[in-house]
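Student: Hi, I'm new to this one. Could you walk me through it?
Tutor: Happy to! Let's have a look together.

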Amino acid sequence: MLPDILSMYEDELTEFVLSTGEEKYRAKQLFKWLHSGASLEQMSNIPKKMKEKLAEKCIIPTVKIENKYVSTDGTVKYLFKCYDGEYIESVFMRHEYGNTVCVSSQAGCRMGCRFCASTLNGLQRSLYASEMLSQIYEAQNDVGERVSNVVIMGMGEPFDNYDNVIRFIKLLNNENGANISCRKISLSTCGIVDGIKRFSDEGLPVTLSVSLHSPTNEQRNEIMPVNRKFPIEVLLPACRQYFEKTGRRISFEYALIDGKNNSEQDAVTLAKLLKSNLPGMAIHVNLIPVNPIKERDFRRGEKIMTENFVKTLEKNGVNATVRKRLGADINASCGQLRAKKYENNADLKI
Ligand code: SAH
């Protein structure tokens, strides 16, 4: 494969540009254009000769909008096509604190969480940093508004694509690029402990979200195969280490599945588990009433069950909120559009 210039740090791009016989200032111009989401044709101050050379010597593996769905609440869900024909999903959301894009880190996923649509067909491949950036640039240019926050919570497991995800975050931080600081980036993991430990030492104060979904190993083993490798008693100390090294509060995601993990007893067990293992630590539980997928028989409980779950957690000293449902009318949840595309190539309408 030819070098991917959208995944290059500025110094790497400079070296590459110099190697093609162009001058150094061209690298700076090129970096700015690339990270505004421009195509080669759109780079108006780059000479035609240089563009021809670039077209021959490198690639820019951007993603292209295959389909998009606009919700009545302003959320936009994209189905993007990658340079090799893979499909991935991203979501643009409007929050009070700014526009947020939820990006995918892999096409498919191999973690096997039972309730998740992204993993139904396994992992196709990991995405390059360029393809993660491109999801943001395409959404930004399509909506015509700046994106200020990024959540790595789309398809895939970011710590199963560690190096590219780190590169993506560092490129997002670049002031000649998107200029989005770590404090405005969240990363969600299913609990790959090696990844959490490594990430603690990167010096990148990103908000970490950990998909817990259950307070006991027995229950968690059943819905999240990753727990067999990294059980709760190994996972929570890694979270503590992340907090101690970065000072960032940890958010725990918990999908409420009716009759499985949403009883009052589950809430009490969860609160005790977190309080006793993470004393004095800034934590937050993000409750997500499960989004049913038709391949699995998981349902969300009555609204009152969710409300009681929040109350029980808070009574036991644990801060919790229910995730705001954006884009409910457009199937804006993990892997659902892509699963649909797989199922019926000709008809994507939902
Ligand atoms: N692999 C990462 C990030 C991707 S998913 C992780 O596991 O954290 C982002 C969040 O959505 C995770 O907490 C995931 O468990 C949750 N999720 C996936 N499918 C869901 C569904 N059907 N209903 C509710 N939450 C779901």
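Predicted model: local features only at pLDDT ≥ 70, side-chain atom pairs only at ≥ 80, totals over all residues.

Student: Is the crossing of H5 and H6 left-handed or right-handed?

Tutor: The crossing of H5 with H6 is right-handed.

Student: And which residues meet there?

Tutor: From H5 there are Tyr162, Asp163, Ile166 and Ile169, and they meet Gly195, Arg198 and Phe199 of H6. Sorted by class, this contact has four nonpolar residues, one polar and two charged.

Student: New topic: how is the chain divided into domains?

Tutor: Domain 1 covers 5-57, and domain 2 covers 64-344. Their C-alpha centres are 34 Å apart.

Student: How many residues are in contact between domain 1 and domain 2?

Tutor: On the domain 1 side 13 residues take part, in contact with 14 residues of domain 2. About 1,100 Å² is buried between the two domains, and carbon and sulfur atoms give 51% of that area.

Student: Which three residues of domain 1 supply more of its buried area than any other three?

Tutor: Those are Ser7, Tyr9 and His35, with 48% of the area that domain 1 buries against domain 2.

Student: Last one: what pLDDT does the chain average?

Tutor: The average is 93, and 93% of the residues score at least 70. Over residues 345-350, though, the pLDDT is below 50. That stretch still has 13 contacts in the model beyond near neighbours in sequence.

Methods:
Residues numbered from 1 in each chain as written. Heavy atoms only, no water. pLDDT = per-residue confidence, 0-100. Contact = heavy atoms within 4.5 Å. Left-handed = near helix turned anticlockwise from the far one by under 90°. Helix = DSSP H or I, 4+ residues; strand = E, 2+ residues; numbered from the N terminus. Nonpolar A, V, L, I, M, F, W, Y, C, P; charged D, E, K, R; others polar. Domains from an automatic or database assignment. Buried area = accessible area lost by both parts, 1.4 Å probe.
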